[in-house]
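The coordinates are shown first, and the description follows.

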Amino acid sequence: MTGRVLTTGWLLVVWVLLWGSLSPAVLLSGLLVAPLCLAACRLPALGTRSRPRALASLRALGRFAVDQLTSTVDVARAVLRRGPAARSAVLAVRLPERSVPPSDLLVATIANRLSLTPATLTVDVDRPSGTLLVYVLDVDEAGLEDARRDVARTVDEVLGAAGHTGSRPGVRP
């Protein structure tokens, strides 16, 4: 029941943002449309196996903001300096093995976090092997190890924020 109330509230916020107005008509129509959307689109329950950590979530959010700024500058520099000659790589990121593997929601969060940062893109998710293929822009042989560390750090931050601690992910080119 709490999940439906939170989802309805979230849909109402999205409705208000879409309309760009906080008028009574928009609020009332959102209160009517949100439950209809939930009734029409029955979503499966998302079971979580861990409890989110507030401090780790704030740290991961801050790191995400820093990554946005630095990666944007790096992409601009690569485009202006090297243009089409910028080198790239695809890294295979193996999620940490545990007795309880990360949920689909957590794997999707990791993949999206990596893709939302400029200069990286999650190309493929292989759920049975727990491997993500991540494209990294403007990386050469010397910077490949730094790219591996950055991707592994990002995976660790998301897992830590979700309260899913354990061994480090394995990253290979």
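Val14 lies in helix α1 (residues 2-19), where helices are DSSP runs of H or I with at least four residues, numbered from the N terminus. The model is predicted, so local features need pLDDT of at least 70 and side-chain atom pairs count only at pLDDT 80 or more, while totals for chains, interfaces and linings use all residues. Residues are numbered from 1 along each chain as its sequence is written, and side-chain values use heavy atoms, with hydrogens and water left out.

Val14 and Ala34 stand 20 residues apart in sequence, and their C-alpha atoms are 9.7 Å apart in space. Asp67 belongs to helix α3 (residues 54-81).

| Residue | Relative accessible area | Class |
|---|---|---|
| Val14 | 29% | partly exposed |
| Asp67 | 7% | buried |

Leaving aside residues up to four places away in sequence, Asp67 touches Thr72, Arg113, Thr117, Arg153 and Thr154, a contact being heavy atoms within 4.5 Å.

Helix α3 packs against helix α5 (residues 144-161) at an angle of about 150 degrees, with the axes 8 Å apart. The two helices are therefore roughly antiparallel, a term for angles over 145 degrees. From α3, the contact is made by Ala56, Ser57, Ala60, Arg63 and Asp67, and from α5 by Arg153, Thr154, Glu157, Gly160 and Ala161.

Conventions:
Buried means under 20% relative accessible area, exposed over 50%, partly exposed in between (1.4 Å probe, protein chains only). Axes are lines fitted to C-alpha atoms, for helices over the stretch in contact, and angles run from 0 to 180 degrees between N-to-C directions. Angles under 35 degrees count as roughly parallel, over 145 as roughly antiparallel, 65 to 115 as roughly perpendicular and the rest as oblique.
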